[in-house]
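Q: Could you walk me through reading this structure, one feature at a time? I'd like the general idea and then the case at hand.

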Amino acid sequence: MAISTEAGILAMLKTFYAKEGLSNLLYRNDPFLKGITTRRVEGKQANFSALYSRGGAVSANFLTAKSLATSQAQAKEFQVTPGQLFSCCVFNNKELLASKTLRGAYINIASAKFFANAESFRKTLAVALYGTGHGELFTTSASITLTADDQNDITFPQHAIMGIDIGSKLEVKATAAATSVTATLTVNKIDGTTVNCTSDTAATAASGSVVCIAGCTDSNGNGLLPVGLAGWLPTGTVASSDSFFGVNRSTARDRLAGSVITATSGEKKYETIQRLILALRRNGSLCDKIIMNDEDYLAMAAEIETKTNFMKVDGGKARQKAVVGTQDFGFSVSTNWLESVIDSPYCPKGTCYILSSDTVELWTYTNADKIADGVTGNEAGKPEVNGDSDVATKPYQLLVDDLFTITPGTDTADGAAALVAMNFYGSFVVTNPSVNGVCTLN
């Protein structure tokens, strides 16, 4: 309750600010993204070649082997072109002067906006990490009827919520690569997994439609974001007409597009994962990293608990402390021992990747330093709101620190404004698809 109900008394009291700066209420960032090895590249594309066939010129009959000598070692050359991502903010002179010191603001306005800019970049790049370059968030399991107003409440899966925010613009399309849009949505409110949106048109989106971040597909159906794991390690069949960075991978699917395992009816999650480890072991994989959705992680812990017996010690004497839950999992298939399971809230539910982490890289034309948020690996926590306070004093420049651009914005009634844009050009690359794989979980 108030200190006093008397206005005269309240006028004598000041407001006490118990905490400096702003609290960060945003979601955590993707733990796997922060640990990916980055490599700077240049040129129109970055190529690498992979041996996918040893040929069949071998037989106990010399003449047979000789006749097959032309089918010796064969390779495919991947021609990796960069995706792109931009994150922008605007600030003006009035905002800068009003927040020049901590006497006038919790934090410098430019610094706060630049921090939010970087968080948008990190979270959208995490969406790209698990996508095909089209900014896909999820596939609808039922038809959605949209009205041309703000009365559209849509249930999103939790992993899709991680990639959006108030003001996000989304597209509903028949497929991720479709060039025509069923409806464009603007996010007004997020309440748990219920998202209230304004649609630009009245429409019915059929079951199986894909909700994507707007502006991530060009007029020819090409994805504009960096291609992620769903592109390199697809869960579906690789078409005979496949052309992925210049390579038709249907010739040797498991070698050129990774192994894929689909859960059978009633199969436990850990059993599906073990089957994929076995398949990758045949291909010589280190299998040193598992990435799965955090809800799947919790469900797998419950599966394992039901098959584990705990014995009482000291003659059944009651323990003073009970511990519920699982900190980590270990998987062993012969000499392949894996104990690094990352629970990512950005990884789509029902999808699990097993990787040789030395073969998964981020090839970038720009500075990738902003991917790191100061939180170590998969540890709990999120970054403090603390952006680049010097950005406001830097001159208009096309490329600062190989990362962001400062350009004059539209003049406003409150004075001149500047546009700060983070620029990212690059692509996720799996340099050896054969030792990496994906499984779909029950």
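Q: What share of the residues is buried?
A: Buried means under 20% relative accessible area, exposed means over 50%, and partly exposed is in between (1.4 Å probe, protein chains only). Buried residues make up 45% of the 442 residues here. Keep in mind that this is a predicted model: local features need pLDDT of at least 70, side-chain atom pairs count only at pLDDT 80 or more, and totals for chains, interfaces and linings use all residues. Residues are numbered from 1 along each chain as its sequence is written, and side-chain values use heavy atoms, with hydrogens and water left out.

Q: How many helices and strands does the protein have?
A: Both are DSSP runs numbered from the N terminus: helices are H or I with at least four residues, strands are E with at least two. The protein has nine helices and 23 strands.

Q: In what order do the strands of the open sheet sit?
A: Strands of a sheet pair through backbone hydrogen bonds, either parallel or antiparallel. To count as a pair, two strands need at least two DSSP bridges between them. Here five strands make an open sheet, ordered S13-S23-S18-S14-S17, with mixed pairing. Its edge strands, S13 (259–262) and S17 (341–344), each pair on one side only.

Q: Which way do S18 and S23 run, parallel or antiparallel?
A: They run antiparallel, with four bridges joining S18 (residues 351–355) to S23 (residues 437–440). Thr 351 stands opposite Thr 440 in S23.

Q: What lies across S14, S17 and S18?
A: For angles, axes are lines fitted to C-alpha atoms (for helices, over the stretch in contact), and values run from 0 to 180 degrees between N-to-C directions. Helix H9 (residues 294–306) lies across those strands, at about 100° to S14 (289–293).

Q: Is Glu 136 buried or exposed, and what does its side chain reach?
A: A salt bridge puts a side-chain nitrogen of Lys or Arg within 4 Å of a carboxyl oxygen of Asp or Glu; Lys and Arg count as positive, Asp and Glu as negative, while His and the chain ends are not counted. Glu 136 is buried yet has no salt bridge, and Lys 173, the nearest side chain of opposite charge, is 7.8 Å away. Its side chain does make a polar contact with that of Thr 132 (2.7 Å). Such a contact is a pair of N or O atoms within 3.5 Å; within protein, one must be able to donate a hydrogen and the other to accept it, and residues adjacent in sequence count only if both atoms are side-chain atoms.

Note on methods:
Contact = heavy atoms within 4.5 Å.
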